[in-house]
Amino acid sequence: MRKNLILCAALILIALLTYSAYSQNPRHITSRDLSVLVNASVYLTPTNEIGIKLEWERNELALSYAIRKKKIEESTFPSSFLAELDSNVFDYIDYFDFGTDPFEKYEYEVSAYSYGSVIVSLYDNQGNRFDSTMSFYFRAFGYASASIAGKEYDSPGKVLLLVDEVMQPSIEKEVQRLMNDLVLEGWTVARKNVPRTETFDGIAVRAIKDSINQEFANSDDRLTTVILLGRIAVPYSGRFNPDAHPDHLGAWPADLYYGVMDEWIWTDFSVNDENASRQENRNTPGDGKYDQVTISSSSVDIAIGRIDFYNMPVFVNDSMFTEAQLYKRYLDKNHKYRIGEIQVEMAGLVDDNFSAARIWEGFASSGWRNLASLLGRKNVKSLDWFSILKNDSKLWAYGCGGGTYKSAGGIGETKDFAINPVKTVFTMLFGSYFGDWDSQNNFLRAPLCSDPSALTCAWAGRPHWYFHHMGLGYPIGYSTLISQNNTTTYLPNFYWMPQLFPQYPNGFTYTYANLGVHIALMGDPTLKMFSGKVPPPNNLTAIQRDLNTVELIWEGPAIDIYTHFNVYRSFSKYGPFKRVNKEYIHGNSYVDTISGDKEVYYMVRTSIREFTNSGMFYNQSRGLTKSVVITDVEQSFAEVFNVQLSPNPANAYLDIQLTNPYLKNVCLEIFDLHGRKIRSLYNGQLTAGINQFAWNLRNDEYQSVPSGVYILKVTGGDNYDIQKIVIMR
């Protein structure tokens, strides 16, 4: 039976030393020992057998390894093991049967069954202290998402952007750019300007929740994500202290409240605490701060991310920035990261400053476990935070140490983020006090205020976070929901210590604050790990061919034979965009069947194979969009020209055969995909019947036109026709 051990027994544990299973020399267990550093890759044999290969770093304390597997959408791992392996085995191949769907996505758990000895200090009945060495067993865990050819994550749903109405005029340009970025990445976008709320206001919190509920009930697309941009009302809940400090007992910020759609779980009548050390943490009946410490009776449905630079004067005063300028800078680096202008090393660092006395929880295992899975176990190092990140870039960074609201021991202070470059994107920090992030110059919010690239931060340690899904292209908001809703699906550790804890004969998980209302993401929840890597198509045109069809034509890029394109359609600029092609498109055009009088928005995205430490998935570019007004007025197409081109693709010449329905003036023009006219072939009267023209593939200046896609436009009276020409030199 698995149980959470909430607090360490009072008479146990002064020092913790473990004897290696391979050595007689004792050493401290580290957070790295409580992690299995695992990676996944696609494995293909010479006889075309295919599978997922798992590889992990040797855990020196391991007696054996065990592997479990589930589909990524399944909520729990099976109780049985996929494989049990000897301690000297560091890889495993999961072969797939013929006919297995290559697009399916999986999760693997690799656990190390380990043995050690612990030295504890005990007291007898007379109060005399004595040391005792006792044996124990434990499991360390690692997780990886994996796929042979994972499908694109192209339907993320609707994101609601709530913007501080006081900041809005100063950052409107950047907000519009963010909305466009989100659309081009496949999101349906809704946006509301909402009141700025600088101090706690329960009515304001309720009003924000009502706005979210309204969008959640809207049926145009499912609401999956909310971005809080600015000083949006902060919910509070509970009476607890996840950092275990008695003076920090009280209500904590609870953005998670905005993401729980089960309203009935929230109450405000049982907690009565007027003595919390900070006004913000006090919680009394009817004050608008809720009673709940956990969401154990419900689940978080919507990923919430907060970008909030209120009350961060160290950045405003020392850097001569206003709060609005901090938002502008954040949105600027957000955009640059999305389009690939911010380049960082595919590597990570872990800065662990907790002593062995805290090893039961292994705070930094959140760093080792996640970063190894996402970046490759050889690309994660134990390094100092600021001395490294001010010079060298790392995509991910984890740091933990004894904390205050403005610092973490061994890492630094909030002001260090103001005066030093911080060359990372995704961050995790852990330490006392600053997990209560609604405080002045708060350390957890500090990375987002920094320059040049940090975009997210999570208080990872109580509880542990799980980001391995991002290796298959999922946004960080997806991992936020997984971490907030996690109970025993993902485990940080598991102990068997019958001598010390006879009340848990079947073992226990030593973790704290799972399902806690304090679990929150600082930053943009829509961000992904592999943004800006895929070149988008260009020069998209949309042409209504007849009453029921629209032809889309675009250019490249031609990367390799596995590159394909997807076409999406929407009837609104901000989505939802739904994929219309059932099969992957390997050419540069697509004909969509559609009818009616309406404006249609099309988007085309490039998709390429992305090989990561999670195997392979199809990663998509930003979209290229084009709108077209279609009509069902039949007379517009009653007398369409019959145009035939040969050869097409053309190399040296192009023959054009035009069948004209009756005597009329006709104009033949050739355009490039930028809409620039490059050649006028004919403009005059044509007789009814077949007419022949030839184009020598030169422009009006008699210069050869380069390879590419061009458009022949034939117009006559109210009639027209458009044809695609491909030139391949």
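How many disulfides does the structure hold? The structure holds 0, a disulfide being a pair of cysteine sulfur atoms within 2.5 Å.

This is a predicted model, in which local features need pLDDT of at least 70 and side-chain atom pairs count only at pLDDT 80 or more, while totals for chains, interfaces and linings use all residues. Residues are numbered from 1 along each chain as its sequence is written, and side-chain values use heavy atoms, with hydrogens and water left out.

1. Cysteines. The cysteine sulfur closest to that of Cys457 belongs to Cys449 and is 11 Å away, too far for a bond. Cys457 is buried, at 0% relative accessible area (buried means under 20%, exposed over 50%, partly exposed in between; 1.4 Å probe, protein chains only). Cys667 is buried too, at 14%.

2. Ser147. This residue belongs to strand S9 (residues 129–150); strands are DSSP runs of E, at least two residues, numbered from the N terminus. Ser147 is buried, with a relative accessible area of 0%. Beyond its neighbours within four places in sequence, Ser147 has contacts (heavy atoms within 4.5 Å) that include Val42, Phe103, Leu472 and Met616. Ser41 is 106 residues from Ser147 in sequence, yet their C-alpha atoms are 8.2 Å apart. A polar atom of the Ser147 side chain lies 3.3 Å from the backbone nitrogen of Ala149.

3. Strand S26 (residues 538–544). Of its 7 residues, 6 are buried, so S26 is largely enclosed by the rest of the structure. S26 runs antiparallel to S27 (residues 549–555), with 5 bridges between them; strands pair if DSSP finds at least two bridges. A hairpin of 4 residues connects S26 to S27, and Gln544 is opposite Val550 in S27.

Notes. A polar contact is a pair of N or O atoms within 3.5 Å; within protein, one must be able to donate a hydrogen and the other to accept it, and residues adjacent in sequence count only if both atoms are side-chain atoms.
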